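Let's take a walk through this model together. Have the sequence and the 3D view at hand, and we'll go from helix pairs to single residues.

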Amino acid sequence: MALSVRTKLFGGFGVGILALLIAAVVGITQIKAVGGKGDQLYNDSLEQTAKTGALRRDMLQMRTSILQYVMSPADKRADFGAKIKTFQDAISTDLENLRGEKLTAAQTEQLTAAEESITAWYEARDKGPIGKTDAGDSAGATQAALFGQGGQRFQDAFDKVVEFGAETDKAAKASHASAQSTQSRTTAMMNGSPLEARSTSRES
């Protein structure tokens, strides 16, 4: 049976409304997904920042223990030597935890540079402050720890970790801004849809 013009018009109108409803649902879903992704990226970045802070803390504590080792009497050095080992293990864990994070290419490069500098610091520590102390050269050990290769290598390594932290902060801000921008664009598209315009027109 042939459909009347009125039936065809209502049918076409219904299909149009259905398409707009589907588009609205998809748009709302996208907004929620983008918002959730932005929050997750921000939370991931906060976690990376916290782990970077733990790495800096453990490096500083090892640095203090090295100075205490150099300045302490021979019968007390074993205690500080044990602390140095404890903090070195903690630093290894900190680096492993950071490696387990979702890092950008720039962050990965910065973290690799930091690890290499930390290894160089350990080598300078063992040859300089620790080695000279064990050899009975207290003056040379103090010089090495404060101003020589031991002190300089520590500063180099610490600076690399600070640079990694700065890159992490940069990545966090970029991820959050990108998510917010995408969410805003999706919202704007929804506000400009025919369905939204029709709803606004009825309200006015």
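Helices α3 and α4 are roughly antiparallel to each other, a label used for angles over 145 degrees, while under 35 counts as roughly parallel, 65 to 115 as roughly perpendicular and the rest as oblique. Their packing angle is about 165°, and the axes lie 8 Å apart. To find them, look at residues 105-134 for α3 and 138-146 for α4. An axis here is a line fitted to C-alpha atoms, for helices over the stretch in contact, and angles run from 0 to 180 degrees between N-to-C directions. The helices themselves are DSSP runs (H or I, at least four residues; strands are E, at least two), numbered from the N terminus.

Before going further, keep in mind that this is a predicted model, where local features need pLDDT of at least 70, side-chain atom pairs count only at pLDDT 80 or more, and totals for chains, interfaces and linings use all residues. Residues are numbered from 1 along each chain as its sequence is written, and side-chain values use heavy atoms, with hydrogens and water left out.

Back to the pair. The crossing of α3 past α4 is left-handed, meaning that the near helix is turned anticlockwise from the far one by less than a right angle (clockwise would be right-handed). Which residues make the contact? On the α3 side they are Gly128, Pro129, Lys132 and Thr133, and on the α4 side Gly140, Ala141, Ala144 and Ala145. Contact, by the way, means heavy atoms within 4.5 Å. Sorted by class, this contact of α3 with α4 has 4 nonpolar, 3 polar and 1 charged residues. In that sorting, Ala, Val, Leu, Ile, Met, Phe, Trp, Tyr, Cys and Pro are nonpolar, Asp, Glu, Lys and Arg are charged, and the others, Gly among them, are polar.

Now turn to α4 and its buried residues: Gly140, Ala141, Ala144 and Ala145. They cover an arc of only 130° around the axis, so they sit on the same side of α4. That arc is taken from the directions from the helix axis to the C-beta atoms. Buried means under 20% relative accessible area, exposed means over 50%, and partly exposed is in between (1.4 Å probe, protein chains only).

Lys132 gives you a close-up of this meeting place. It belongs to helix α3 and, with a relative accessible area of 32%, is partly exposed. Setting aside residues up to four places away in sequence, Lys132 touches Lys127, Asp137, Gly140, Ala141 and Ala144. From Lys132 to Ala144 it's 12 residues along the chain and 8.4 Å between C-alpha atoms.

In the loop between α3 and α4 you'll find Gly136. Is Gly136 buried or exposed? It is exposed, with a relative accessible area of 59%.

Helix α2 covers residues 77-99, and its axis comes within 11 Å of the α3 axis, crossing at roughly 170°. That makes α2 roughly antiparallel to α3. The α2 residues in this contact include Ile84, Ile91 and Leu95, and those from α3 include Leu111, Ile118 and Trp121. The residues of the contact of α2 with α3 divide into 9 nonpolar, 4 polar and 4 charged.

Not counting residues up to four places away in sequence, Arg99 touches Thr108, Leu111, Thr112 and Glu115. Arg99 and Thr112 are 13 residues apart in sequence and 9.4 Å apart in space, C-alpha to C-alpha.

Two serines are worth a stop as well. Ser72 sits in the loop between α1 (5-71) and α2, and counts as buried at 9% relative accessibility. Beyond its neighbours within four places in sequence, Ser72 is in contact with Arg77 and Phe80. Ser117, in helix α3, is buried too, at 15%. Its partners, again leaving out residues up to four places away, are Arg153, Asp156, Ala157 and Lys160.

Finally, zoom out. The chain has 6 helices and 0 strands. Of its 204 residues, 32% count as buried. Among contacts with a separation of 6 or more, 79% come from residues 24 or more positions apart.
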